[in-house]
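Have a look at the model first, then read on.

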Amino acid sequence: MARSKDAHLRVQGLQPVQVLAGLVGLVYLAAGIVGFARTGLGNFAGNQHEMLLGFMINPLHNLVHVVVGVLGLLTATYSGLARTYGWVLFVGYGLIAIWGLMITGVISSNPVANLGNPLNLNNADNWLHVGTAVLGLIIAVMPARKVVHVVEPEPATTATTTTTTAPTEPIRTGGDTRADVPEQAKAEARPGERRRGSWLRRSHTAAH
């Protein structure tokens, strides 16, 4: 099938939204792995006193970080998935941030106080989650970068022309059936010799 020259377009590089989603995923995955190294798996949703860079953690909290990190790395492969990941961060961490602000008393009314604090949240966690929700919104609504299109050149096609040479034959005109045209031409080129031969034959006949 013939392909048009303008049909070969290829997008170069990654969109910034993919890079940002991948970085967020990488940071959260690293935080989850280091968190597990500090807390282990015991007292999974308890209020441990382990901290990581000022943030309270427990195994359940670390598991959330690992899941968020893996999702970020997976969705960074396509810009559409990366934007979806941004919405997940915005909604998910927005809700966790509001819940944490209720738990720590920043928001006085806490309708889910009976759930306790299974993620072992503190004020530092709350503001980190607020920042993550805002970052997720940026990822979700970030405009697409102008892409660079590269036109792939069409492979050159060369037409092969075959020339057939037919053998030439002597030209025959009228009733002349002589095939040796060059000998005939030689004879016609010497009319003086023909006349002299005819005169010698006539003289020889008269003498007898």
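## The loop asparagine

In this predicted model, a polar atom on the N117 side chain sits 3.0 Å from the backbone nitrogen of L121. N117 itself belongs to the loop that runs between helix 3 (79–103) and helix 4 (123–141).

Is N117 buried or exposed? Its relative accessible area is 16%, so N117 is buried, given that the cut-off is under 20%. Leaving aside residues up to four places away in sequence, N117 touches A45, N47 and I103.

## Aromatic pairs

How many aromatic pairs does the structure hold? There are two. In one of them, the ring centres of Y28 and Y93 are 5.4 Å apart with the planes at 35°, so this pair counts as tilted. It bridges distant parts of the chain, with Y28 in helix 1 and Y93 in helix 3, 65 residues apart. Both partners are tucked away: Y28 is buried at 7% relative accessibility, and Y93 is buried at 4%.

W87 and F90 make an edge-to-face pair, with 6.1 Å from centre to centre and 75° between the planes. These two are three residues apart in helix 3, so about one helical turn separates them. W87 is partly exposed at 41% relative accessible area, and F90 is partly exposed at 32%.

## Back on helix 1

A30 is part of helix 1 (residues 16–39). With 40% relative accessibility, A30 counts as partly exposed. Its C-alpha is 9.8 Å from that of N62, a residue 32 positions apart from A30 in sequence.

Technical notes
Residues are numbered from 1 along each chain as its sequence is written. This is a predicted model: local features need pLDDT of at least 70, side-chain atom pairs count only at pLDDT 80 or more; totals for chains, interfaces and linings use all residues. Side-chain values use heavy atoms; hydrogens and water are left out. Helices (H or I, at least four residues) and strands (E, at least two) are DSSP runs, numbered from the N terminus. Buried means under 20% relative accessible area, exposed over 50%, partly exposed in between (1.4 Å probe, protein chains only). A polar contact is a pair of N or O atoms within 3.5 Å; within protein, one must be able to donate a hydrogen and the other to accept it, and residues adjacent in sequence count only if both atoms are side-chain atoms. Contact means heavy atoms within 4.5 Å. Rings of Phe, Tyr and Trp (its six-membered ring) pair if their centres lie within 6.5 Å; planes under 30 degrees apart count as stacked, over 60 as edge-to-face and the rest as tilted.
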